[in-house]
Each structure stands twice: as structure tokens, then as C-alpha cells.
Amino acid sequence: MSDGTATVDDLDARLEKHRVELTGYCYRMLGSSFEAEDAVQDTLVRAWRSYDKFEGRSSLRSWLYRIATNVCLDMLNAGNKRARPMDLSESTPLAKAALSPRPDNTWLEPMPDARVLPTVEDPAEAAVAKESVRLAFMAALQQLPPKQRAVLILREVLAWRASEVAELLDTSVASVNSALQRARATLAERADSGAEAAVSDPLDEEQQKLLERYVAAFEGYDMSALTALLHEDAIMTMPPFDLWLTGHDDIAGFMTTIGSACEGSCLLPVQVNGLPGFAQYKPDPEKGGYTPWAVQVLEISDGRLTGFHFFLDTERWFPLFGVPLHLEAEADQVEQGE
């Protein structure tokens, strides 16, 4: 193997080492799982092509973040802001519930933890990273102008110094500090931006038991048991539909009427947006076993479920989360194992 090839392989490895943290950064900037991965791929390709111009005046990591920031700012010039259903409309009473989809680029998208949260040894640092990809915080970020968004993420989430951010953005420290102040003020106006902080990392015993009870209630489709786990103001969303429901009575009512096809579902745990979640499968009347229905993301506070969000585009989400697109029924699995 030539020295040139060895150098190429070494550069590939050095760039690839930063993929997860860059994906986390681009995801916070863009609010889209797939756009974030595209942005990171573009970043690494640009870095590869221009590496001979990298003069080492900053670290390779800082240089990659500069490229990634420019890629994201270019993508955000279109002005699209990802949102949750409750950011776009009022809650719908069950009596008026209708399933009206909006285009994919409307919605804040879920993301597997493993793709955006690098392994870190410091528990406090790990907790901050998880909190910074939770849905409520991500939705709040989307309300910020792109450069304020970049400043807030770099300063508050990644703990960069103001001078480092100023250099990355080709601006002054005073400008960075001003942008950070404005970004903090905007987030402070959003009362729900910290609403999920009650989810501990890892889940404490009470939260783990709550999830076990949730699985039993949902798979058993026991609405009385499920209602007992929900906060009275719990929220349920179902992107790409803009409908969202609030209150355990309307949620339980929906699940026994429009959502009744979910009865008999099977849940597989997934780690999503720093929160507990599940890949939900519904019974498949044609093939037998179970067919994908949704990625569920659960929000917990004060020993109750305060929100659960069903992301329904399973052809996109299930491969991203590494879960199968079909489950055999348990009886079939037992027969195949014999």
C-alpha cells in the first residue's frame, strides 16, 4: 500500500471520528434527521476536497464545525422552520378530530440517540447533550434565526468560548454575546422549552416502572390503565397529521375510535431524542404477525406521561432506528425455533 493511500485512509478515519457530534450539531440546526445526515455528508466531502487548503490554524474539529455551520446556514436560507403540531395550530377537540397531513418538510423529525449523542464519560455533559435534542428544546431552537441558533448551540450546548464562536462565524465577540442574549430571551419566552427536564438519565426506578405499566396498558389496549398514567393535560401528536389532542379523556377517546386499529399492538423499545420511546407495530391481517405503525416518543414529568408523539412515516423511520419492517407473531417465532 502506498504512502498516499495510507494518508487517504488516515484522513478518512480522522474525518469519520467527528461524524456523530457533527450530526448532532446539524440536527439541532435543521430539525430534520435526514437533512442533518445529508449536511454532515456534504461537510465531510467539502473537507476532503479542500483539505490541502487547511493550514492548521485551528483544530480539525473547529474547521469541520465551520464548514458544517456554513452548510446548515445555506440550507436554512430557504426559511423553512420545522415544527410540532402544537406549534402550528390549536388543540382539536375529539368531536372535531380529522386526519389532515402536511408535507414532510413541515415537521420536526425524530432521531435515534446513537446517531447524534457521542459517548462521553462525564455524566453531566451527557445529560446536557440529551436535554438538547429533546423535542421541546428542538422546537424552541427552530424559533431562532439561523445565526442565533448556531450561537446558542455552540455556546450553551457544546460549551465553546465566545472567542471561538466569533472566529467560526467571522464576527466579533460582542456580536456573539448579543446574539446569545437574544436567543436566551426567545427561549425563556417559551414556557415548555424545559418541560422535559424531569426525565432522568438514566431513568430512575419510578420512571422505569411507569414505562413498564405503559407497555402493559398499550399492548393490552386497556384505556383505564392508560388514562391512569397520563397527566390530565397530556398531549398526543401524530405527524404528518396536524391534529393534536390534549387531555387524557380525548386521547383515550381517540384511541378507541379513529385509532382503534392500534389495538393488539406490539412495542419494541428505542432510544430517541434523549427520551424513552418505542417502535410500534400493529397486527398485520394480510401477512400475519405485525406491521410497522409508528415511532413513539414519550415525555415524562412528575410520575406521569405528559406527552406522547407518534411519528407515522415508518418506511423512513424504522430503517433509521434499525428496527425490522415486519415482526412475526410469537407463536410463529416459537414454531420456527423448534
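**Exercise 1. Overall form**

Task: What radius of gyration would a compact globule of 338 residues have, and what does the protein chain have?

Solution: 
- Start with the expectation. With 338 residues, a compact globule would come out near 20 Å.
- Now take the chain itself. Its radius of gyration is 22 Å, which agrees.
- Keep in mind that this is a predicted model.
- Along the principal axes, the C-alpha atoms fill a box of roughly 65 × 55 × 40 Å.
- Count the elements. The protein chain has 16 helices and 6 strands.

**Exercise 2. Inside and surface**

Task: What percentage of the 338 residues is buried?

Solution: 
- Buried residues make up 46% of the protein chain.
- Residues 24 or more positions apart account for 66% of them.
- The accessible area is about 16300 Å². Carbon and sulfur atoms hold 49% of that area.
- Finish with charge. The chain carries 31 positive and 53 negative charges, and their mean positions lie 9 Å apart.

**Exercise 3. A strand pair**

Task: How do strands S1 and S2 run, parallel or antiparallel?

Solution: 
- Locate the strands. S1 covers residues 230–238, and S2 covers residues 241–246.
- Check the pairing. The two run antiparallel, joined by 4 bridges.
- Find the turn. A hairpin of 2 residues leads from S1 to S2.
- Pick a facing pair. Met238 stands opposite Phe241 in S2.
- In S2, 5 of the 6 residues are buried, so the strand is largely enclosed by the rest of the structure.

**Exercise 4. A loop residue**

Task: Is Asn105 buried or partly exposed?

Solution: 
- Asn105 sits in the loop between helix H5 (85–88) and helix H6 (113–116).
- Read the accessibility. The relative value for Asn105 is 42%.
- Apply the cut-offs. Buried means under 20% and exposed means over 50%. Asn105 therefore counts as partly exposed.
- Find its neighbours. Leaving aside residues up to four places away in sequence, Asn105 touches Asn80 and Arg82.
- Compare with Val45. Asn105 and Val45 are 60 residues apart in sequence, and their C-alpha atoms are 24 Å apart in space.

Definitions and conventions
Residues are numbered from 1 along each chain as its sequence is written. This is a predicted model: local features need pLDDT of at least 70, side-chain atom pairs count only at pLDDT 80 or more; totals for chains, interfaces and linings use all residues. Side-chain values use heavy atoms; hydrogens and water are left out. The radius of gyration is taken over C-alpha atoms; the globule rule is 2.2 Å times the number of residues to the power 0.38. Buried means under 20% relative accessible area, exposed over 50%, partly exposed in between (1.4 Å probe, protein chains only). Contact means heavy atoms within 4.5 Å. Accessible areas come from the Shrake-Rupley method with a 1.4 Å probe; for residues, only the protein chains shown count as cover. Lys and Arg count as positive and Asp and Glu as negative; His and the chain ends are not counted. The place of a charge is taken as NZ of Lys, CZ of Arg, CG of Asp or CD of Glu. Two strands pair if DSSP finds at least two bridges between them.
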